[in-house]
Structures are given as C-alpha cells and as structure tokens.
Amino acid sequence: MPAVLRHYVAVVDAVNHRLGRVMMYGVFVMVAILLWSSISKTFFVPSLWTLEVAQFAMVAYYILGGPYSIQLGSNVRMDLFYAGWSVKKKAWFDAFTVLVLIFYLGVLFYGGIGSTAYSLGHFGTEPFVFLKDLAVAFVTGGPDAAGEVLGYIERSPTAWRPYLWPIKAIMCLGFFLMLLQALSELIKDIARIRGEEI
C-alpha cells in the first residue's frame, strides 16, 4: 500500500478512536440530564429543556460514536456464513459492503448538509453554495456579515424552542467522520485482499 494511504488510515483511525473514547462518556451526560429532569419534576418546577437536551445528547452520542463503532467492527453482523470464511474472502465481502455503506453515508451527508442549510434559513437548491457564502461572510466580515446571509433560523416547535442548526451540524460532522472511517476500512480490506496488513 502506498504511504499516503497508510498515513490516511492512521490519521482517520486515531481521530475517530479518540473521539469515540470521549463519546463513550456521553451516556453519563444523558443520565445526568434525565436525573435532573426527574428531580425537577418531583421537587421543583419541571424544566422545559431536559427532554430535548437529552434527545440532542443521544443524537450526538450515537452519531459521533458511529465512526468508532465502524472501526471496532462492533456493528451488528449476520455471522451465519461469514465466521467460517477465510480472511481473504471476508475482506472481499467487507470491501463490497463498505462500498454500499459509503454510498449510504454519502446520501445521509448530502441530506444533512441540505437540512443544516435549511435550519440556517436557506430555502434554495444549493446548500453547499449557501454554506460556503456563509463561511466566507463570517471570515471576511464577522458575525454581522454572516447575519446578513442567514435567513429565518429554524427552531424546535416546543415550549423551549431551541435552535436546531447545532445538532444538525453535529450530525453532518458525524456522517462525514463515518465516511472517512468507511474509506479507511475499504483501504484496509483492499490491503487484506492483497495479502498486506495495515
């Protein structure tokens, strides 16, 4: 395998490994939020924010932990035939299924970008152009210039009414990192097919 591919695999695996290890503690964040929700409902005035913040924390925990799950191979797999196959045959099968995963994650990422742009007030058909214009306006003119690019910012239709763009941006980041990890797994599978190990 070329050195650039080995370096890519090393960097992506290291980033997703560290992020996954941090996100493992996200379950404690969710427990703390839900514990506070129970306490506030029992002893105080119920907090409006707890249910949605717990949902957002769950989404971040699940989506940002996804690349680490792919890396560990801890996803659900039907091992009826797979377990008895040779390493090379497993690598061929994994390479094919990773290609399907890459396509699926690409669709999710594209949809996530469109949804994030929508949550920032873009109602057109070019979400990437809108996000580029927003970033350029922010870098060159600061928050005021970026504010001129923004449209009506989407909020949740609940009593608390939080902005939705932060969690949508986190989802896009998670999909992007899963794409990078899936490419890393494809490179490793190709190396196994060739009899190499990365």
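This report describes the fold, surface, charge pairs and selected residues of a predicted model.

## Overall fold

The chain is built from helices. There are 7 helices and 0 strands. Read along the sequence, the pattern is α-α-α-α-α-α-α. The radius of gyration is 21 Å, well over the 16 Å that the globule rule gives for 198 residues, so the chain is more spread out than a compact globule.

The C-alpha atoms fill a box of roughly 60 × 50 × 25 Å, taken along the principal axes. Contacts across the sequence are well represented. Among contacts with a separation of 6 or more, 70% come from residues 24 or more positions apart.

## Surface and charge

Of the 198 residues, 35% count as buried. The accessible surface of the chain comes to about 12,300 Å². Carbon and sulfur atoms account for 72% of that surface.

The chain carries 15 positive and 13 negative side chains. The centres of these two sets lie 8 Å apart. Side chains of opposite charge can pair when their charged atoms come close. The structure holds 8 salt bridges. Some of them are described below.

## A bridge between H1 and H7

Which residue meets lysine 188 in a salt bridge? The partner is aspartate 13, with an N to O distance of 2.9 Å. Lysine 188 lies in helix H7 (residues 165-193) and aspartate 13 in helix H1 (residues 3-23), so the pair ties together parts that are 175 residues apart in sequence. Both lysine 188 and aspartate 13 are buried.

Helix H1 also holds arginine 18. Is arginine 18 buried or exposed? Its relative accessibility is 60%, over the 50% cut-off, so arginine 18 counts as exposed. The C-alpha atoms of arginine 18 and valine 4 are separated by 21 Å. These two residues are 14 positions apart along the chain.

## The H6–H7 loop

The side chains of lysine 168 and glutamate 154 meet at 2.7 Å, N to O. Lysine 168 lies in helix H7 and glutamate 154 in the loop between helix H6 (127-149) and H7, so the pair ties together parts that are 14 residues apart in sequence. Lysine 168 is buried at 15% relative accessibility. Glutamate 154 has a relative accessible area of 19%; this is under 20%, so glutamate 154 counts as buried too.

Serine 156 is found in the loop between H6 and H7. At 5% relative accessibility, serine 156 is buried. What does serine 156 touch, leaving out residues up to four places away in sequence? The contacts are Glu52, Arg161, Pro162 and Leu164.

Arginine 161 has its place in the loop between H6 and H7. Its backbone stands out. Arginine 161 has a positive phi of about 55°, although it is not a glycine. Arginine 161 is partly exposed, with a relative accessible area of 35%.

Arginine 194 forms a salt bridge with glutamate 196. The closest N and O atoms of this pair are 3.6 Å apart. Arginine 194 counts as exposed at 53% relative accessibility. Glutamate 196 has a relative accessible area of 22%, which makes glutamate 196 partly exposed.

The pair belongs to a network. Salt bridges that share partners join Arg6, Arg194 and Glu196.

## Alanine 95 in H5

Where is alanine 95 found? Alanine 95 is in helix H5 (residues 87-119). With a relative accessible area of 9%, alanine 95 is buried.

Its contacts, not counting residues up to four places away in sequence, are Leu186, Asp189 and Ile193. Isoleucine 167 tells another story. The C-alpha atoms of alanine 95 and isoleucine 167 are separated by 31 Å. Along the chain, alanine 95 and isoleucine 167 are 72 residues apart.

Methods:
Residues are numbered from 1 along each chain as its sequence is written. This is a predicted model: local features need pLDDT of at least 70, side-chain atom pairs count only at pLDDT 80 or more; totals for chains, interfaces and linings use all residues. Side-chain values use heavy atoms; hydrogens and water are left out. Helices (H or I, at least four residues) and strands (E, at least two) are DSSP runs, numbered from the N terminus. The radius of gyration is taken over C-alpha atoms; the globule rule is 2.2 Å times the number of residues to the power 0.38. Buried means under 20% relative accessible area, exposed over 50%, partly exposed in between (1.4 Å probe, protein chains only). Contact means heavy atoms within 4.5 Å. Accessible areas come from the Shrake-Rupley method with a 1.4 Å probe; for residues, only the protein chains shown count as cover. Lys and Arg count as positive and Asp and Glu as negative; His and the chain ends are not counted. The place of a charge is taken as NZ of Lys, CZ of Arg, CG of Asp or CD of Glu. A salt bridge is a side-chain nitrogen of Lys or Arg within 4 Å of a carboxyl oxygen of Asp or Glu.
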